[in-house]
Amino acid sequence: MCSFIIWEQSTGNMALGERGSSSSSSSNARQEQNHNRVITIVFLALFIDLLGFALILPLFPSILDYYSQTEDGFYLSLQRGVDWFAVMAGIPPERKYNSVLFGGLIGSIFSLLQFFSSPLTGAVSDHWGRRPVILVTVMGLIASYSLWAASRTFGVFLLSRIIGGISKGNVSLCTAIIADLHSPKARSKGMAMIGVAFSLGFTLGPMMGAYLAMQTEKGEVFYLRSALSALAFAVADFIFIFLLLPETLPKEKRVPSVTSGFQAAVDLLSPLALFQFSAVTRGKDSPSEQNVQNLKILGLAYFLYLFLFSGLEYTLSFLTHQRFHFSSMQQGKMFFFIGITMAVIQGGYARRIKPGNEIRAVKRAIVLLIPAFLLIGWAANVTVLSAGLLLYSFAAAIVIPCLSAVVSGYGTAGQKGRVMGILRSLGALARALGPILAAAVYWLAGAEICFTVCGAFFLVPLALLRSIKQQTKEE
């Protein structure tokens, strides 16, 4: 009888254990399903956004020519300033090179505005939540594209770019949404899918923009259809987010007030404070000393990588035009090849990198970038150039998603918006400085020196990443 009671209690406990295990397994399955749903929604929303954003990229030279030919007073006054800068920097005085430099300065203004807006929108979303803030930023993009479609003067066009730059904080919010996910595996997968969205958007968007400009009817401004398409994408993105995107930051994990987010305004806007991640280290829930040091190293490595990468990205079209006499269509095919290669690698290899192995993958990718730069800079034929571009595309597909995934693991739930906003701001600062300085070095010393120097400097972020210590658990 006693044995029967013991056996009965034992089997009862086993049944309870099985039910508990089944319940836990079911809960994990639901959580993974929710994570996959959020990742899919963020991917599609960002892809739609980037399609609209990238439509203008192949049209920039033609837009500048359009305002130059219409003798727009504001444009011509700025062009004189660009001519002066070109002379001071020793860049060849050909008009087309000055126009390229002017386009780069416009791009720098856009990136500088992103530099200011990313940490601020991240801080606001840490209090109000991700969903309402990202909807506001998309409304800003709708206003930007509306102005672009209506613009007939350079001043209005420039205003549309300014509003667009301020509103591009939505990209940092997408990374913050992924950072809100509890599972490191889900965060790594989400960051990789963000990388895929960038690759596809910047591959398909420019081709669509160029095609729409070719369909212009007589008497119609050539960029009107592209602008209206960008507006349509932004409206569709707003509706998609409004209907499908859930809030990923629960109220109990938000910072107590917006004021607390803005108390460190200097930290959010000062480059020195951003490199120190000062906005995250203030308060009683500051990360450990070791984790703060890791964040500083990761932020500096991220900045240096994008600074060098954006310089190559900007000067690549100069090199192919000067050395290989590439037409616009050939350059379009080249960037299409780069984008497709990156998308395949990010959708296949990058998303399968296991959590904890991201830094190792980044270091391997950076090592590949050094010969990639040398092959591109010293290429005597298209075959050698293609080999360099293949290595370049592989490395570029790995570094940003993996570094973003690593950084997203730092900070409490209420700090992740600021952490990812700061990271995006460092990237925007790098993209604002890299193209201008790389273009100046290119025209002063030549392509070989420019690309060799950039390749050699990749040893710096590589050395920084070797000093990363094991993250301590704080959440």
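Predicted model: local features only at pLDDT ≥ 70, side-chain atom pairs only at ≥ 80, totals over all residues.
User: How many aromatic pairs does the count come to?
Analyst: Rings of Phe, Tyr and Trp pair up here if their centres lie within 6.5 Å. By that rule, the count comes to 22 aromatic pairs.

User: What kind of aromatic pair do F198 and F202 form?
Analyst: Go by the angle: planes under 30 degrees apart count as stacked. F198 and F202 sit 6.0 Å centre to centre, with 5 degrees between the planes. So this pair is stacked.

User: About how many helical turns separate F198 and F202?
Analyst: An α-helix has 3.6 residues a turn, so residues three or four places apart point the same way. F198 and F202 are four residues apart in helix α8, so the separation is about one helical turn.

User: Is F198 buried, exposed or partly exposed?
Analyst: Buried needs under 20% relative accessible area and exposed needs over 50%. F198 comes out at 23%, so the label is partly exposed.

User: How many residues apart are F275 and F303?
Analyst: F275 and F303 form an edge-to-face pair, 5.1 Å centre to centre and with 85 degrees between the planes. Both F275 and F303 are buried. The pair links distant parts of the chain, with F275 in helix α12 and F303 in helix α14, and the gap is 28 residues.

User: Which helices each supply at least two residues of the nonpolar patch?
Analyst: The patch sits on the surface and is made of L204, M207, M208, F336, I340 and V344, with about 480 Å² of accessible area together. M208, for one, is found in helix α8, and at 31% relative accessibility it counts as partly exposed. The helices that each supply at least two residues are α8 (184-214) and α15 (328-348).

User: Within what arc do the buried residues of α20 fall?
Analyst: In α20 (residues 459-466), the buried residues are P461, L462, L464 and L465. They line one face of the helix, because down its axis they fall within an arc of 160 degrees.

User: Which helices do the buried residues of α20 pack against?
Analyst: Here packing rests on contact, meaning heavy atoms within 4.5 Å. The partners are α14 (289-324), α16 (358-378), α17 (382-407) and α19 (447-457).

User: Which residues is N170 in contact with, leaving aside its neighbours within four places in sequence?
Analyst: N170 has its place in helix α7 (residues 170-179). At 2% relative accessibility, N170 counts as buried. With those neighbours left aside, N170 is in contact with D49, I134, T137 and L141.

Terms used
Residues numbered from 1 in each chain as written. Heavy atoms only, no water. Patch = residues over 30% accessible without salt bridge, like charges linked within 9 Å, V, L, I, M, F, W, Y side chains within 5 Å. Areas by Shrake-Rupley, 256 points an atom, 1.4 Å probe, with all protein chains shown as cover. Salt bridge = Lys/Arg side-chain N within 4 Å of Asp/Glu carboxyl O. Buried < 20%, exposed > 50% of the residue type's maximum accessible area, 1.4 Å probe, protein only. Arc of directions from axis to C-beta. Phe/Tyr/Trp six-rings, centres within 6.5 Å; stacked < 30°, edge-to-face > 60°.
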